[in-house]
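User: I am new to this structure and would like to learn how its features are read. Please guide me through it one feature at a time.

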Amino acid sequence: MNAEDNRVIALIDMDCFYVQVEERENPENRGKPGCVVQYKKWKGGGIISVNYEARAQGVTRQMRGDEAREKCPDCILYRVPERRGKADLTKYRDGGKEVIDVMCSFGVCVERASIDEAYIDMTMVIDQTLPGCTATAINVEELPNTHFVGWENDTDDVKGVHGWLKALSKEDSKDNDWKLTLGAVLVEKMRAAIYEKTGFRCSAGIANNKMLAKLACGINKPNKQTVLPFTSVQDFFTTFPLKKVRNLGGKLGLTLREELQCTTMADITRIPEKILQERFDTKTGTWLYWYARGVDNDPVSSRRLPKSIGCNKNFTGLAALDSEEKINHWLEELCAEVSERLEKDRETNCRLAKLLTLTVRLEGDIRPYSYTRSIPLHSSYDKIRMAKSCLAVVMKENPCKQGNSKTPWVVTCLGVSASKFVDQLESSSRIDHFFTAKQCTIMSIEKEKLVNEEPLHRKDGLYDLHADQEDEEFEMAEIDNTPTETNPLNIIAPEYNMGQTSAVDKEIFRENKEKTGGSSSACLNGENNENVKKTGFFASRNFKKCAPIQHSFGEPIAHSSQVNPATHTTFSIEEIFPDLNEVDVETLALLPPHLRREVLKAIQSKQGKEGTDKFVVCDKCKEQFLKEEIEEHNDFHVASELQKELSLQPPTSSSSVSNLAGAKVVKKSSKRPLKNQKNATADTKRSRTIESFFGNPL
Ligand code: DCP
């Protein structure tokens, strides 16, 4: 864990976003109290966004529309539009995209985190600016809406922005403080540009990492920004409730609060690392140990598009779905919406989703529970096929049929979401393009056909904690707070498409970036750097245009769409895995089986007898695996058995191939393994493949 973090990260969060979108449509209402209510009309509808004028009069998000009116009779209630019998969030999503476009025009690395917030890594831009700065380079006028934690109370020159800038002008001031201040100036400019171009106001947090930036953002709202200097973190943490910290709101936070009696972040610092490791696991323990000290190495990943496109709908009370017909109807509605949005996304963003995930919540005999199942999407967004596949899952999972319940299912929520996007142009290219080189050791093996022979793969440890918490463009308006228990069996089908050079690029690039300790401001797409503005603040501060990131694999890897396999550089095992003692299992799982075996051989020959305990042989298929891989691999067998059980479409001799597990699987195209993110805390969750669950992939 790297405690030294000189990154400059911001979180920009729109203020009362849905209300602002409504007010932009109705400018005459600006300045008046207002809130957005869900489309359901009972008691005026549930409130999902409250503007600050209404908050000042006591209206909260926990109220219903009628209560808001009682508190504040002038409160304007905007209703979320409806389409296909459910909330239509198009205008809010489009508003969010407008904001992201403005951020991207600043040449910084932008990671869209939700419908109305984004992380920004400004390190590269700031590092270019810093050398041109002098002690007097920043004026207080450049920070009109900025607060510095630990420097509140702007009554004299000692505290507040004045005091901060005065301290900064001293000779012994820290580079890191300079960088955060320059970051704050840049964010002021961004927020002004967002307002000018979209009419929306926002707040921001600026710090050395994502966790601190997010936390800082909430301190002064609305239309303000807060810098959290690293030197103020420990003091700040003495009172800051841990449940408000990113990644600590869920089960992990609950364990810390209830079992380890921690209520503030500082409380965690009193627990030795070893104890944390014993209570959780080694990675989580170490991560928590540092997290409580304000350290978070989670990089800002360049992403301006949502990671998934989906929608869901609740069916509470009498509206609960209790027949196949009703479930089918709603699956068709949801799939129709997702399909339409996916088509729009394909046109606009030239990408294809490869995985469809269905979430179902049911009323259980004792308490509600839910499950999630995934289905491969193969180049088709046919809404009818999508709906049919989803229905097949629901029918299969009918607890009555499985003998797990006395009562027939009653579905209270359905969600359909598409994810695992790949570039449309690249979806036909194949991973073996990376291994065409003459000198490539691993290519000395006779080239095998690339087929779906990879075991499933899972992300391990720490990353699981962060499992896509903020990535989805999901429809919060449809979510209610009914407690549910997750079904322990989380069957998931692999996203089999070997053609995803971009995924390999990114994987290798990410690994490379981490190994070289590269600045996480490095954007996967170097084009962002070209967009850097040379005007205003930066022009006056000696700004130089950022050079594209260089890495050992060369430019084509970062720009995979331009990869020409014929001219591509050569690779050896060492280039992919520079340290065979530390092989990244995710990258390993991306390799075709024959290459994978070669890598394992190389590890063995390098480590000799000492390395033996790193491997296990699968009882079922006698194939060798690293210990970290075996759990996922076992899931693969479970899934294969399930597949046999289902036998929806028996494999034909021409299309079936042996996979690593020795199971027969039906495939038309080559595949790559799923990188299944799991929540480490939800250790009851298991992931199994149900490849060919539906015979024909979608
Ligand atoms: N939202 C929703 N359902 C919820 C919570 C939020 O649909 N349960 C929507 C409406 C919000 C938007 O998401 O406008 C962003 O949520 P935030 O939590 O960021 O809240 P706001 O932007 O409304 O207010 P704030 O200024 O506190 O960020």
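User: Which exposed residues does the face of α9 turned away from its buried side carry?

Analyst: Two conventions come first. This is a predicted model, in which local features need pLDDT of at least 70 and side-chain atom pairs count only at pLDDT 80 or more, while totals for chains, interfaces and linings use all residues. Residues are numbered from 1 along each chain as its sequence is written, and side-chain values use heavy atoms, with hydrogens and water left out. Buried means under 20% relative accessible area, exposed over 50%, and partly exposed in between (1.4 Å probe, protein chains only). On α9, the face turned away from the buried side carries the exposed residues T231 and D235.

User: Which residues of helix α9 are buried, and what covers them?

Analyst: Helices (H or I, at least four residues) and strands (E, at least two) are DSSP runs, numbered from the N terminus. Helix α9 spans residues 230-237, and its buried residues are S232, V233, F236 and F237. They lie on the same side of α9, because they cover an arc of only 130° around the axis; the arc is that of the directions from the helix axis to the C-beta atoms. The cover over these buried residues includes α8 (210-217), α11 (265-269) and α13 (282-291).

User: How is the packing of two helices described, and at what angle do α14 and α15 pack?

Analyst: Axes are lines fitted to C-alpha atoms, for helices over the stretch in contact, and angles run from 0 to 180 degrees between N-to-C directions. Helix α14 (residues 324-349) and helix α15 (residues 383-397) have axes 8 Å apart and pack at an angle of about 140°. Angles under 35 degrees count as roughly parallel, over 145 as roughly antiparallel, 65 to 115 as roughly perpendicular and the rest as oblique. The two helices α14 and α15 are therefore oblique to each other.

User: Is the crossing of α14 past α15 left-handed or right-handed?

Analyst: A crossing is left-handed if the near helix is turned anticlockwise from the far one by less than a right angle, and right-handed if clockwise. The passage of α14 by α15 is right-handed.

User: Which residues meet where α14 and α15 touch?

Analyst: Contact means heavy atoms within 4.5 Å. Among the residues that meet are I327, L331 and L342 in α14, and M386, L391 and V394 in α15. By class, this contact has twelve nonpolar, two polar and three charged residues. Here Ala, Val, Leu, Ile, Met, Phe, Trp, Tyr, Cys and Pro count as nonpolar, Asp, Glu, Lys and Arg as charged, and the others, Gly among them, as polar.

User: At what angle do helices α4 and α7 cross?

Analyst: The axes of α4 (residues 90-104) and α7 (residues 175-198) cross at roughly 135° and come within 9 Å. That angle makes α4 oblique to α7, and α4 passes α7 in a right-handed crossing. In this contact, E98, V99, V102 and M103 of α4 meet A193, I194, K197 and T198 of α7. These residues divide into five nonpolar, one polar and two charged.

User: Where does L414 lie, and which residues does it contact?

Analyst: L414 belongs to strand β15 (residues 411-423) and counts as buried, at 0% relative accessibility. Leaving aside neighbours within four places in sequence, the contacts of L414 include C311, F315, W330 and V360. The C-alpha atoms of L414 and C311 are separated by 8.5 Å, although these residues are 103 residues apart along the chain.

User: How many helices and strands are there in the chain?

Analyst: The chain has 24 helices and 24 strands. Of its 698 residues, 56% are buried.
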